[in-house]
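Visitor: Hi, could you walk me through this one? I have a few quick questions.

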Amino acid sequence: MTELEKSSRAPRPSTIRTHFSQSEDLNATDNHTSTSASPYKYDIPQNKRSIKLNWKWPDQLLWIPANWSWAKIRLALRCAIAAWVSSVLFIIPTVQVWIGQASFLLLIAAFLSPPVDPFLAVLEREMLISLFVAATWAFACLAMFLANLARTNLDTSVSVQTALFSNGKYVEAAPSAILAVFIFLGTAILLYIRVHQGPGPYLFATLFSCICLITNLTTAVLVPYPYYLLGRSIFIPLVFHSLISILSSIVLFPESLSNNFTKRVAAVFAPLEKATFIHLTLLRTTPGGDSVGEFKEHINALAGVVVSSEAALGPLAQAARLLPSEVIYSRYSPRDWRPLQDLARRVAVRANGMSIYFSLIDPTRERFPVTPATTRPGTPAGTTPSTPVERHSEPPHHHHLSNLLHRAHLHHNSRHHHRASSSYGHRHTSHAPVGVFESQRYLDLEANVWHDPRTESHTVQTHNLLQESCIPLLEQCQFATGCLQSWFAGAASRDGTSWRLAQALLSSALLNTAAKIERREKAKQFQWEERVSEIRNVREKLRGELDRFRKMTRMNVVKPYTDALEPTDSPTSMEETSNWSYEYNQLPSHRYLFNCYVYQYHLMRFADMLGELLDHVIRLETQPERRHRRIWTPKKLHNLAGITVFLEWIKGVWLDSDNVGRSASSGAEGEEGEEEDPDRVQHVDRDRRRDVDLDDLSGETRVGIGIGGRGDEKEEDNMFGMGLPYPKRRDPDALPPSNVWELMGRWVYKRVVGLTTGNALYAVKTGVLTTLMCIPFFVRGSAQFAYDNRFLWGIIMAQLTSARFRGDTTFGFLTRILSTFLGGGVGLCMWYICAPTQGHQATPYALAGIFAVCFPFFFYIRLYIPGPPMRILIFFVTTVLVIGYSYQDQFQAMPSSPGVGWSVAWRRFLLVACGVFAAFIFSFFPPAFTLRRYQRTALATTCAELGVIYCAVLSLPHTSGSDLRKGKTNDDPGKQTLGHSEETHAIVARLIAIRGKLGRLKTGKVNVKYEISLRGKWPEERYHTLFDLQMQISYSLSHLLSVIEHLEPAWTRALLSRTRFIDPNFQGDVLAVINMISTSLRTGSPLPQVTPCPLVDRFMLKYHGLNVIHKEAEEDYGLPRTLTRETLENEQYLMFCVGVSTAFGIVSRLDRLMVAAKEIVGEQYHIQGLGFGGFGGFGAGTAPGTARGESVPLGSRTSTRM
């Protein structure tokens, strides 16, 4: 029987199904789009209410069964009913005529902005649409007023219909120029807002505003007087749409933000439940021998599950923003859920930390990326070990390493020979190898320091010990995650959605007797008592197993070392330790123990956080004021009528950072056009603002302060809220202002320079494109032709297609043409079904019927099909536009009617093709922005930000409020020393922001292939390596922060001393490496061939092994100098070892990051013979001696006083 079969027969986690399994939301833990079926074979069976689709689906259609659940079907039904109501208003001739010539916008808006979100989110989005369109209408009226002042042929007696059919008779140059200027300014402002805010609440508000602006001003040029009512035809149908959407979110399957939030919390824990199951499987699988392939398969599955849990944090952040503003009739206050967001983030990070152990012991893991000339035969290139190792007494492999370096020397010489001869033959197109010096050092370290012939046997032995110690606690963690996932997924049904509450109240009032009501209340009381009892039982078992793990079972992994330190003559002990008995001088390397400590530490933190979550749930269930439903209101409800609250709402939406790069709509995730600033990390400005909130459960004030400092200090004067002088950036071309005039000039200069940023230049460039495409309306000879043939479609489509980066524009060009073609075809089919007779006049009943049949399927596709949402939006917009214009032509004599059916479809396709082609051509004009440069610049920014966070984490123990600075100690090793302080919250928020930007960069690179370049292919794999390394460093910084939080001051000093993190010489090298990488990526300049890397060589300057304090160190911080059994079993020692391992991982990844950057930008500053027989190098026939004996000299920076 295989290990997987054994583990699959292990007990499953107990989910609380007695009261939760009847929830309709168990199978849909969140509302965001699921793009595929579950890729994992570790699905834990649960009782879920879903509609089974048992037949086999093609891979391209797996998203259909993945989203085929009542929770998601009802969202599509809500949107479909709202759209059908809009279509009924459009179909009624009287209503259609009253709404105006743009009544078809009812159908278009129904697909662009469906009521898929909870009420408050829909209200916010629709209010923004109405406000923006109204403001744009006012802006257009101002343009008409000023254009009228310049008009010479003013004739108010001409009707609008006559003017629009006058063949451009009233078009004049001066008014046209003024209107063109306003088109340029309005377009630039609106598109700047769109690109600045990213996909979110502002996306469709700016889209409809652009339609309103272009429609008004291109039509106003034909009328010989200011016709201010032109904007009414746009504004009125959008107001009707907003009202229908808001009412639909209230009446049709309504859902509160709190219920939406709890389901998204459940979406975070659903993968974690699978992850714990895979952890148990991995611990029961031998990491070697014939199980290598199976072990690697489980590791890959675990990585995918953890990533899916982290991906659910994005929708969770979107749902959390509006929670404090919600008015709800519920058991729980919306503010009760806010602490869960932070806990969910921390749990996801700890889940990532638990997976580190398996990557460390993975037999197939990659090692340091050596160059082709120095690659060790049979050794894959890649990752270094992530824990330090001791120097072994085995003889180094001098012969093997000499051959490697001799091959590198031959390649070095042959490269110069080839360079000299290339001018006489064809030019060599392959890149010269980079990182030769780093590769030599790492090969030397592998041969002399890290080589252990018994690696596999030691790994298997320690893995078995870790299995014995961790499986009981892991099983309790599995029970806890299952319990939490079930509780959060069922919270909505227990609390009662609005429509279920209304149904219950109605049935209670009309059908139920007093006896039935009393029996129902008793049943609810019994269910509540049993539910709370089960949750408390899970919590107590988790607490008990965690205490047992801390005090007893975690000691299993130190048996080989403690038995060697204190040998015993007991026969039982001798029998138990016969498989791992060693002499003291033959102990396994400490890296095996450190690997186990890494897993145990993150498992303890994971269990701690699950316990915190269970405690929070128990408080929610047991507090008397939360036993019954009540109305919860925002804290500032008494000020809702004031203008201050309205302005605060506008400011809050504008400053919202959780929606950057992602639509707030749950059905429109991953909008294309990732148009954010590559020179800054989003979310940071919001994190700098003080966030003081009262925890209603504990009564304590929770203070969140940004990384920019304390609330009463300026960002420039304070570093991360610490009492340290902030290093300020200086203007290299000017001294600080010395008077008021220089201060004003500096302010003006910054504002002007701000107009040259990427977002501003994009907005100006698109404004110019829009104005140029409007020229046919401003020329008397072509104005009538442009108006009659709906040139407006092409202009709007050019605006939509134009993106900041050329690759996104090219992708939009191709997809919009295809979507328009297919959408036109579907629209023609639907129209001719409704109007099959000669003359093609459709009846209202036929149109309403076909909409009723098609809309549920349309919106299911609209909400849940994977891929860029704009692609499917253009498809459906074209479909309803063909039908809308064709039907509208029957009842309104429009001046520029495009016809019916086929006439509308081919004009629409032609004008869309012209518009997107114009945007595509214009994307090549300067200033041109490419995704290639954006990716490189953004990676430079994130690298620099990682350096900032690195410094902040190391500065944290020395903050003015820390116990380390005050000299305090912590008596309880299980509790935090620094705690989750203001500075810690700021650092965590910054790390989340960096990972969010890296994730968006990784997603946005798919359109790079659409960029046309004559220079060659984009090195995608090399950039992918940069993404992965920076993401790993960010997680390692999170783990190091967690260790520093929990270490006592003395242990923290010892950790910083051993890792050389308080050594200025070593820190100078580390920060120099970070700055060199960031600068080279930003400028594209090559890196020096010789750098401070490898940093690992300097990091391991002095060997400590298992000892805490080096034997030659003068200061011991009150810690034991010699290794004892008590030290090995001390939990502070465990965390100390995890800190050392994490620090080693950060340093080694910086080495790999340097090589990865060199792969992209190349090298410079070559010194002939350095490292190949020159001064201090490997001479001819000289074999290397030690790890740093005869390689490139390291200089004075390698010496330190410890």
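Guide: Happy to. Helices (H or I, at least four residues) and strands (E, at least two) are DSSP runs, numbered from the N terminus. This is a predicted model, where local features need pLDDT of at least 70, side-chain atom pairs count only at pLDDT 80 or more, and totals for chains, interfaces and linings use all residues. Residues are numbered from 1 along each chain as its sequence is written, and side-chain values use heavy atoms, with hydrogens and water left out.

Visitor: How many helices and strands does the protein chain have?

Guide: The protein chain has 44 helices and six strands.

Visitor: And what's the average pLDDT?

Guide: The chain averages 76, and 72% of the residues score at least 70. pLDDT is the predictor's confidence in each residue, from 0 to 100.

Visitor: Where does it stay under 50?

Guide: One such stretch is residues 638-642, with two contacts (heavy atoms within 4.5 Å) beyond four places in sequence. Residues 685-723 are also below 50, and that stretch has 103 contacts in the model beyond near neighbours in sequence. Where pLDDT is low, the predicted coordinates should not be read in detail.

Visitor: New topic: how do α4 and α33 cross?

Guide: The axes of α4 (residues 70-91) and α33 (residues 844-864) come within 8 Å and cross at roughly 145°. Axes here are lines fitted to C-alpha atoms, for helices over the stretch in contact, and angles run from 0 to 180 degrees between N-to-C directions.

Visitor: Which residues meet there?

Guide: Among them are L77, A80 and W84 in α4, and F851, F855 and Y860 in α33. By class, the contact has 20 nonpolar, one polar and one charged residues. Ala, Val, Leu, Ile, Met, Phe, Trp, Tyr, Cys and Pro count as nonpolar, Asp, Glu, Lys and Arg as charged, and the others, Gly among them, as polar.

Visitor: What about L1047, buried or exposed?

Guide: L1047 counts as buried because its relative accessibility is 1%. It is in the loop between α39 (1020-1046) and α40 (1049-1058). L1047 and L1134 are 87 residues apart in sequence, with 9.9 Å from C-alpha to C-alpha.

Visitor: Last one: what does T1142 touch?

Guide: T1142, in helix α44 (residues 1131-1161), touches S1036, H1039 and L1040, not counting residues up to four places away in sequence. T1142 is buried, at a relative accessible area of 10%.

Definitions and conventions:
Buried < 20%, exposed > 50% of the residue type's maximum accessible area, 1.4 Å probe, protein only.
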